[in-house]
Protein chains: 2
Amino acid sequence: MQRYFVPSDQFDEKRVVITGEDARHIHKVMRMKPSDMIVCANNKGDAYLCKIDLCEDGKVLASICERLEGDPELPIRVTIAQGIPKADKFDTIVQKGTECGAAEFIPFQAERSVAIWKQDKKDKKRVRLEKISKEAAEQSHRLCIPEVRDPMNVSQLIAFGESFKNKMVAFEETAKAGAQAGFPTLLNKMKEGDHLLAVIGPEGGLTSLEAEQLQEHGFILCGLGPRILRTETAALYLLSAISYHFELLHCEVDE
Amino acid sequence: MQRYFVPSDQFDEKRVVITGEDARHIHKVMRMKPSDMIVCANNKGDAYLCKIDLCEDGKVLASICERLEGDPELPIRVTIAQGIPKADKFDTIVQKGTECGAAEFIPFQAERSVAIWKQDKKDKKRVRLEKISKEAAEQSHRLCIPEVRDPMNVSQLIAFGESFKNKMVAFEETAKAGAQAGFPTLLNKMKEGDHLLAVIGPEGGLTSLEAEQLQEHGFILCGLGPRILRTETAALYLLSAISYHFELLHCEVDE
């Protein structure tokens, strides 16, 4: 069933009002009619099964039938600080990272990032990435849209990380040295509701200095297996492993 | 360091001969010269550090300096039977799946596959996908290039699966029903050297009939977490989780 995020102030107890692009999508693209069903989520953890009452180009009214059960959000909140990659790879990372459960993305202006997001580019990119994360959140049946923050350099990232108890860096050199225990050790220490800040380098990887600076500030250097992953694959590996650890293995143990 | 797969009959005890496109790449693109170093892998599990002796457009000769240690191959051999997706998504799946350690890919002509690979398209596709898997294997430092098989329909896939002890289907409906224990339970039963055949549906998912037929022939229906993954994300989730289970968690337990 088609899903839409609707700002929470457009919900009342019985009804929801959908406006703008989503209303047009329902009317023009999906060609829906009164009494068709949709799911509306409020980006605050709730999703409702709704029945369309009125369907116009710029406005759709729907009655709330029931609140949907089930929580598809990752049990831990993961912030991905992604070294800014080339071309449109950030789009892919936000799309697939959202599907895999990321809570938040930070474009990290790393030493070896070839692209630099200047002010005008930054604002455009952010609008685009927020659209991608909303659509991916709808498609994957999430209850929350991951946030895309302003870009940070390494010092800003370290300052931002001050409030995090759990922080890590996916570091290729650690993987090359055969040390793979860091990541599962970290996950084994975490529990439901905890936050994790995970840093991933751009195409050329992090510099030794960046890795050192982050390590000095409490970030744990972790390998992600013995193969060299492209920058856009690392976030997906990390989020899939976290999902497997907390959402699947956990189930297995429970039975 | 630049890596190349070279057919094993082009190795002798002391030297390796590189021809064709790779020789041109070394000469023209990388502009390498005698005494520059490269890594040559024989696609049979060995990689060697080599020093270039002669560098021409169509031919490169290099001396073997040492065999490289370390095994970046997944401890279990995973065959991904991927429901043929739209457009060039199979390219992405082969590229990223190779990085994540897949041993083999089967294009699965599923009921809901929109694209149909006819004979001429099939051959072209295969050449293209084999090139992608070779390059991704070089980039990710693998020792073996995953094979790309001829497309199979569901009956052919079931017949192919006869020889597999471990086989599964990533099935959305199982995930929706909240049953997540199947996949880790299966992995917990497997040990190093075992083979796994994993089936993933195309964009529209598998039909109930396909899922039933596979289940009747010993395929276990498994959820991959509570979020709905796109078809091209499912293989990466699956391979990342397998890597985490066998290559990372295993390390942690060992310490």
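Chain B of this predicted model superposes on chain A by a rotation of 180° with 0.0 Å of shift along the axis, at an RMSD of 0.0 Å (least squares on the C-alpha atoms of residues with pLDDT of at least 70 in both copies). The two copies are thus related as by a two-fold rotation axis. Among the residues of chain B, Ala241(B) comes closest to this axis, its C-alpha lying at 2.5 Å.

Residues are numbered from 1 along each chain as its sequence is written, and chains are lettered from A, and ligands numbered from 1, in the order in which they are written. Because the model is predicted, local features need pLDDT of at least 70 and side-chain atom pairs count only at pLDDT 80 or more, while totals for chains, interfaces and linings use all residues; side-chain values use heavy atoms, with hydrogens and water left out.

Between the chains, 45 residues of chain B are in contact with 45 residues of chain A (contact means heavy atoms within 4.5 Å). Since 100% of the interface residues of chain B are also interface residues in chain A, the copies meet through the same surface. The area buried between chain B and chain A is about 3700 Å², and carbon and sulfur atoms give 59% of this area (buried area being the accessible area, with a 1.4 Å probe, that two parts lose on being put together, summed over both). In chain B, the residues that lose the most area to chain A are Arg227(B), Arg230(B) and Tyr244(B), which together account for 20% of what that side buries.

There are 6 salt bridges between chain B and chain A (a side-chain nitrogen of Lys or Arg within 4 Å of a carboxyl oxygen of Asp or Glu). One of the salt bridges joins the side chains of Arg230(A) and Glu99(B), at 3.1 Å from N to O. Across the interface of chain B and chain A, 20 residue pairs are in polar contact, both residues being at pLDDT 80 or more (a pair of N or O atoms within 3.5 Å; within protein, one must be able to donate a hydrogen and the other to accept it, and residues adjacent in sequence count only if both atoms are side-chain atoms). On the side of chain B that touches chain A, two or more residues each come from helices H2 (89–99), H3 (119–139), H6 (182–189) and H8 (231–254) of chain B (helices are DSSP runs of H or I with at least four residues, and strands are runs of E with at least two, numbered from the N terminus). H8(B) gives the most to this side, with 14 residues.

Within chain A, an automatic or database assignment sets domain 1 at 3–67 and domain 2 at 77–254. The C-alpha centres of these two domains of chain A lie 32 Å apart. In chain A, 10 residues of domain 1 are in contact with 9 residues of domain 2, and the area buried between the two domains is about 830 Å², with 56% from carbon and sulfur atoms. Of the area that domain 1 of chain A buries against domain 2, Arg3(A), Phe5(A) and Asn43(A) supply 69%, more than any other three residues.

The interface of the two domains of chain A holds 1 salt bridge. Asp22(A) forms a salt bridge with Lys134(A), with the closest N and O atoms 2.9 Å apart. Strand E1 (3–5) and helix H1 (20–29) of chain A each supply at least two residues of the side of domain 1 that touches domain 2, and the largest share, 3 residues, comes from E1(A).
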